[in-house]
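Q: I would like a close look at one part of this protein. Please keep the answer brisk and connected.
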Amino acid sequence: MTVFAAMRRRWLVLGLLFLGIATPAKAESAPGIPPETVEQRDARMKWWRDARFGMFIHWGLYAIPGGRWKGQPVGGAGEWIMNTANIPVEEYELLAKQFNPVKYDPAQWVRIAKDAGMRYIVITSKHHDGFCLFDSKVTTYDVVDATPWGKDLLKPLAEECRKQGLHFCTYYSIMDWHHPAQMRGSDRAYNPTRIREGRKREYMDYMKAQLKELLESCKPEVLWFDGEWPDWYTEEDGREIYAFLRELDPKLIINNRVGKCRKGMEGLNQEGRQCVGDFGTPEQQIPASGLPGVDWESCMTMNDTWGFKYDDHNWKSTETLIRNLIDCASKGGNYLLNVGPTAEGEIPAPSVERLQGIGRWLKVNGESIYATQASPWGKQLSWGRCTQKKLDDGTTRLYLHVFNWPGQGRLELPGLKNDVTRAFLLANGREVTIRRDGGKIVLEALPEKPLDPVATVICVDVKGTPQAD
Ligand code: FHN
């Protein structure tokens, strides 16, 4: 075997191994999946890993009822109202005739995300209700054919993202309560759908046609799948979709919900294979120790719903949202924070207020979040969280996010073995005294009050790679 052939075989096996197409024992053919070395994967994932913070947008017909149906409040998430209120398809479809987001301003939405310090936007292209916010040639159940608005909603947002320097990404639900090849799970609920006898290939082809439309029209950099749980959809189907998409766009990043590993990203799936997909997707929670060894992103709401609800006022505080972002970054993950725009096309004011608060904090402290890696301490620190970043001179900068400001003006770094060359407050550059006391480093002469009560960042530069118990 020539050297070239050996190299090519290594690439192919590596690529197949990562995608779980091949187990170490055997390499199966993987039609369409481009071979990828670890270096190539790192290059593909780099912008996403560095970004750390994105905006999730759940928008669709469900924003019209906004959690109310026939004058009554409907429990649960706003985007589930068709299922929760068991609304007949013919009745739910009529909402399309009311969908006219006259206040939709993609430039303003992107500016709100950018000012909040978000680096990417993931917007629903089609949620479980099956209604498409983009112009699809394979259905008329879309914003162009079925609504008074009559124009594609995603393409202008994608163009605005690229104009303002954000990454455009889109969400796609595999489960579809409207498509005729899927039928409701029971007479009381659409979820989870069942596939009609002999019509699975029809729906897989429909999905692939729409995904191709999305790639061609809005050029998303991430395809964020959801609704993967119905039994009729399998991990093998996920591999087919993953290969199809990566063949169309080798740079595309795809989440783990393209397959069946929502919970098991860091492990093996039921067939004992590595899960298909490029990152794990813990939802409404931040894993206690992150997901070691894999890329992951926590998606969370600001109140309790993804899609707009008139009556959901249970807003998390800006402090909580900032600390969630820090917590994710300190464990090597991303934070995808959701907004649910109104049917008129406005992001709710309470969401905007919180995003402005997060933006103010990131304006001062963003260096401690973007392009950082997880804390060198395996467990949580009593006073807050830590991230780290390699500097050009070979030192490593630790970013200590202090939530609980020490009263006596000193802060202990337990078990840090490295020599510390410098310590200072990120916000104003004020130097901090460093003292080694046995196995720990003590930072002293801290100001009496924190510079920011939500999280004050202390930079600690250490020689080499941080070694911390
Ligand atoms: O059912 C959906 C839900 O509506 C929402 O889109 C979340 C966001 O990740 N995903 C599913 C629930 O896991």
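Which residue does a disulfide join to C261, and what is the S to S distance?

A: The model is predicted, so everything here is computed from that prediction. A disulfide joins C261 to C275. The S to S distance is 2.2 Å. For a disulfide, the two cysteine sulfur atoms must lie within 2.5 Å. The structure holds 1 disulfide.

Now place the two cysteines. C261 lies in the loop between β9 (253–254) and β10 (297–300). C275 also lies in the loop between β9 and β10. The pair therefore ties together parts that are 14 residues apart in sequence.

Next, look at the bond itself. The torsion about the S-S bond of C261 and C275 is about -75°. The disulfide is therefore left-handed. Then check the surroundings. Both C261 and C275 are buried.

Take C386 and C459. The sulfur of C386 has its closest cysteine sulfur in C459, 10 Å away. That is too far for a bond. Start from C459 instead, and the closest cysteine sulfur is in C386, again at 10 Å.

Are C386 and C459 buried or exposed? C386 is buried, with a relative accessible area of 1%. C459 is buried too, with a relative accessible area of 0%.

C261 and C275 are buried, and a disulfide joins them. C386 and C459 are also buried, but their sulfurs sit 10 Å apart, too far for a bond.

Conventions. Residues are numbered from 1 along each chain as its sequence is written. This is a predicted model: local features need pLDDT of at least 70, side-chain atom pairs count only at pLDDT 80 or more; totals for chains, interfaces and linings use all residues. Side-chain values use heavy atoms; hydrogens and water are left out. Helices (H or I, at least four residues) and strands (E, at least two) are DSSP runs, numbered from the N terminus. Buried means under 20% relative accessible area, exposed over 50%, partly exposed in between (1.4 Å probe, protein chains only).
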